[in-house]
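Subject: Structure handover

Hi,

My notes on what turned up follow below it.

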Amino acid sequence: MTTVAEMPAGFADKVLAAQSTFRSVMDAMARPGTVQRIQAVSGVPAPMMRGAAAIALTLFDQDTPVWLDSKLAATMDVAKWIKFHTSAPVIADPAVCTFAVVADPAALPSFEHFAFGSGEYPDRSTTIILQVASLTEGPAYELRGPGIDGATILRAAIGVPDLLDRLALNASLFPRGIDLVLVSGESIVALPRTTRLVAKEG
Amino acid sequence: MNAPTYNFAYLDEQTKRMIRRAILKAIAIPGYQVPFASREMPMPYGWGTGGVQVTAAILGPIDKLKVIDQGSDDTTNAISIRKFFEKTAGVAVTTSTGDATVIQTRHRIPEATLQAHQVLVYQVPIPEPLRFLEPRETETRRMHALAEYGLMHVKLYEDIARFGHIATSYAYPVKVNARYVMDPSPTPKFDNPKMDNCAALQLFGAGREKRIYAIPPYTSVVSLDFEDHPFEPYKHKACCALCNAEDSYLDEIVTDNKGSRMFVCSDTDYCETRQSQGHRGSENAAPYAESANA
């Protein structure tokens, strides 16, 4: 049982840390495939990564239902920390969550369990914050789409089975769809629903 | 403590979070108008409350802010908004397009090519391009969902039927990323080609109408047209009377009651930069800014 006193801290400077974290996320979303750094420092409840914790403090609040995967929900620490610092409701049904935080990419539920938004309101969709092993090493992917000048290469150990099939399905639903933010430590890469991935040799 | 101070960049943190989430979804769905809970700002609607809220949500202490109104850095609206953020965020401000990291604009895109580290924030009065064709929000929303844009082409065709050419000269509709038809805000259609494949992120904020939308960098933005009536950016057949620029968007200025007029660059920073480089127009033969050299 964690008491409030034992709970990891939030941002030291809420305002400016949230601003710099948001700009990193905005740049990542506007330029898919580029690795952005989260500068802000905050306490982190294990097994959350520092980048994911900073994004939670920046974007979560009482208006954003949050879903945690089974690894994060295994102890109450993460849910308590999120509720205490952001007031976000932590919910059990991923179909209505604004944000999903996933620590175990291998066990990521298929996208249809999350919210795709509707044709009229495609913005009412889930953003999945996915903690991955690496955003610098691993299989190479070629990325194309808005925000990318031609094509770019991302090397990342994402660890989601059938990732490309899932993203192809996601792409076919446009403008509905899921947006992904990959986090590895303090590095983040965004894969909005407009980005097209192809596995690249070598 | 002295007198009570505002939060950084005026808005409270909960409002910023809400706007920031809307901006992220807007970037993920290029050209789609994301509803947001627009706040009352300490300036009237129509003065850029949407743009101001977007700027306040993204601005940080290391940013350098430029604000333009119809291309000009020194109109009331531009100066007021610049001072607003100087006071509430303490950020550095500039009039130079090249130095700025965040540029808030009303109805123009700077002439100088925007760079990848810059963000352009548009003030938007009416974000819905179909609004004057279909007043019901439920209907326009469905038309966007179904990508049903025939009505817009009919409107452009009616222009051709009546005037012989597409007479829409500002707020000229564009298609973003081959999906959403979007209102580029009342920029002259001269500026439309600059939005296509632009290196900078473009964000649009409509305060009264409570919508935020975006064009990510390097995204296709195509002005709607017809094969036999291709899009043509309109421009006065003249060059700037102050800096002799032939490639910039010109304002027509009436100089007396006899119909005399002159054309000058609408982008004041572009014009002043050219003049300082020694370019001279017909009305500016005398050496420019002698005092600066003295």
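In this predicted model, the centres of domain 1 and domain 2 of chain B lie 26 Å apart, taken over C-alpha atoms. The domain assignment puts domain 1 of chain B at 13–223 and domain 2 of chain B at 235–284. The two do touch: 15 residues of domain 1 of chain B are in contact with eight residues of domain 2 of chain B. On the domain 1 side, that contact surface is made of four nonpolar, six polar and five charged residues.

Domain 2 of chain B (235–284) takes in a hairpin, formed by β11(B) and β12(B). Strand β11 (residues 250–254) of chain B pairs with strand β12 (residues 261–265) of chain B in the antiparallel sense, over five bridges. One pair to look up is B:Asp251, whose bridge partner in β12(B) is B:Val264. Six residues sit between the two strands. In the turn, B:Gly259 has a positive phi of about 90°.

Now the contact between chains. On chain A, 29 residues are in contact with 30 residues of chain B. Which element gives the largest share of the chain A side? That is helix α1 (residues 14–30) of chain A, with twelve residues. By class, the chain A side has 14 nonpolar, five polar and ten charged residues.

Last, a sheet in chain A. Three strands form an open sheet in the order β7-β6-β10 (chain A), with antiparallel pairing. Why do β7 and β10 of chain A each have one side without a neighbour in the sheet? β7 (152–155) and β10 (196–200) of chain A stand at the edges and each has a single partner strand, so one side of each is left without a neighbour there. Neighbouring strands of this sheet are turned by 35° against each other on average, direction ignored. Strand β6 (residues 140–144) of chain A is joined to β7(A) by four bridges. Within that pairing, A:Ala140 has A:Arg155 of β7(A) as its bridge partner.

Best wishes

Note on methods. Residues are numbered from 1 along each chain as its sequence is written. Chains are lettered from A and ligands numbered from 1 in the order in which they are written. This is a predicted model: local features need pLDDT of at least 70, side-chain atom pairs count only at pLDDT 80 or more; totals for chains, interfaces and linings use all residues. Two strands pair if DSSP finds at least two bridges between them. Axes are lines fitted to C-alpha atoms, for helices over the stretch in contact, and angles run from 0 to 180 degrees between N-to-C directions. Domain bounds come from an automatic or database domain assignment. Two residues are in contact if their C-beta atoms, placed from the backbone, lie within 7 Å. Ala, Val, Leu, Ile, Met, Phe, Trp, Tyr, Cys and Pro count as nonpolar, Asp, Glu, Lys and Arg as charged, and the others, Gly among them, as polar.
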